[in-house]
Amino acid sequence: MTKRIRILLMAAFAIAVLTGTASAYDGENSDSGLTKKTIIIADDDNREIKYDTLATTVSEALEEKGISVSDEDYISKSLDSTISNGDKIIIKRPFDVTIKINSEETKISTLSSTVNDVLTEYSSLIGDNYQLISPSNPASHLSKNMVIEIEVQTERIETVTEEIPFETEYVDNAELDKGIEQVSQEGQKGIIEIEKKYTYFGDKLKSVEEVSRKEVQPVKNKIIQVGTKEDVPEEQPVELQTIDGYTYKHAINMLSTAYTPYDPGCSGTTATGIAAGYGVAAVDTSVIPFGTKLYIPGYGVAVAADTGGAIDGNRIDLCYNSTSEAFSWGRRNITVYVIE
């Protein structure tokens, strides 16, 4: 064999050897039967590792790269699941976030992605009625040590007392002399208890609602008796005398007026039941009793048979049959004689 032929044979042998060795690492391992896969591991620190591996499970792939996980971590595939070419294994690790509710802070550990996810996750702590203060957008992405500030609705029940001032009543009393006042009942202010509900958002008062009220002490008005009794001039005691032919027992100074049976408020019948007309006088029966015969100079003889709302004390109202006569009499001071 020539030297040239020996060199060609050696080169061919070398190529055969090299070709066989390469095939052992191109997809199939002739000794183990393992398949090479290209996978991606995305850890929570935003690092993505893309590499080729002969591992068959997620657990083996993580161990191969020295990546440890805990029970609190989220893994997109279970540790014992088989991996395939092109798989992406996502690992999320919990991080701390602070929820600040009405200035009270609570630190939590979460795997959530957005603020809204946390609010939903901790709805039992927050409740349904709240306002997000910071960040203002509930879709904001979470970051480590972020502070989520919210204000929740709170209620406070408070009982307050209120006073009701008393009033003063004035009551006429004919038993007391005019100008005299006497307190017959002292005033007492009323007291009520009112239960109110105060609703706040954070530290801001939103509304006040009255829940109930109860009377603790009733109000009593002050009552003052006002005397209306006027001094009645004493009758002028005289011996039986005569005037204009009439014998009288005594005389009384009185203020006189006149009326007719047709005046407003008059029915045409007197308080004693007789017809009203000339010769009837309306009197205060405490001064002149019904049935008393009277002589009035300028008027004539009359009988006390009627009363009137304004006839009080030493007042007398003389009845005429016509309005012109009544107007003519007018209002005058007279002496009334009680005759036999």
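1. In this predicted model, the charged end of Arg332 sits over the ring of Trp329, 3.7 Å from the ring centre. A second contact of this kind involves Arg156, which lies over the face of Tyr198 at 4.7 Å from the ring centre.

2. Trp329 also belongs to an aromatic cluster, together with Tyr278, Tyr299 and Tyr320. The structure holds seven aromatic pairs. One of them joins Tyr278 and Tyr299 in a stacked arrangement, with 4.5 Å from centre to centre and 25° between the planes. Tyr278 lies in the loop between β15 (246-259) and β16 (280-283), and Tyr299 in the loop between β17 (293-296) and β18 (300-306), so this pair ties together parts that are 21 residues apart in sequence.

3. Tyr299 also pairs with Tyr320, here edge-to-face, at 5.2 Å centre to centre and 85° between the planes. Because Tyr320 lies in the loop between β19 (315-319) and α5 (323-329), while Tyr299 is in the β17-β18 loop, this pair too ties together parts 21 residues apart in sequence.

4. Tyr278 counts as partly exposed, at 42%.

5. Elsewhere, an open sheet of three strands runs in the order β9-β13-β10 with mixed pairing. The edge strands β9 (168-177) and β10 (181-185) each have a single partner strand, so one side of each lacks a neighbour in the sheet. From one strand to the next, the twist averages 35°.

6. Within this sheet, β10 pairs with β13 (residues 222-229) in the antiparallel sense over four bridges. Val183 stands opposite Ile224 of β13.

Notes. Residues are numbered from 1 along each chain as its sequence is written. This is a predicted model: local features need pLDDT of at least 70, side-chain atom pairs count only at pLDDT 80 or more; totals for chains, interfaces and linings use all residues. Side-chain values use heavy atoms; hydrogens and water are left out. Two strands pair if DSSP finds at least two bridges between them. Helices (H or I, at least four residues) and strands (E, at least two) are DSSP runs, numbered from the N terminus. Axes are lines fitted to C-alpha atoms, for helices over the stretch in contact, and angles run from 0 to 180 degrees between N-to-C directions. Rings of Phe, Tyr and Trp (its six-membered ring) pair if their centres lie within 6.5 Å; planes under 30 degrees apart count as stacked, over 60 as edge-to-face and the rest as tilted. Buried means under 20% relative accessible area, exposed over 50%, partly exposed in between (1.4 Å probe, protein chains only). A charge sits over a ring if NZ of Lys or CZ of Arg is within 6 Å of the ring centre and within 35 degrees of the ring normal.
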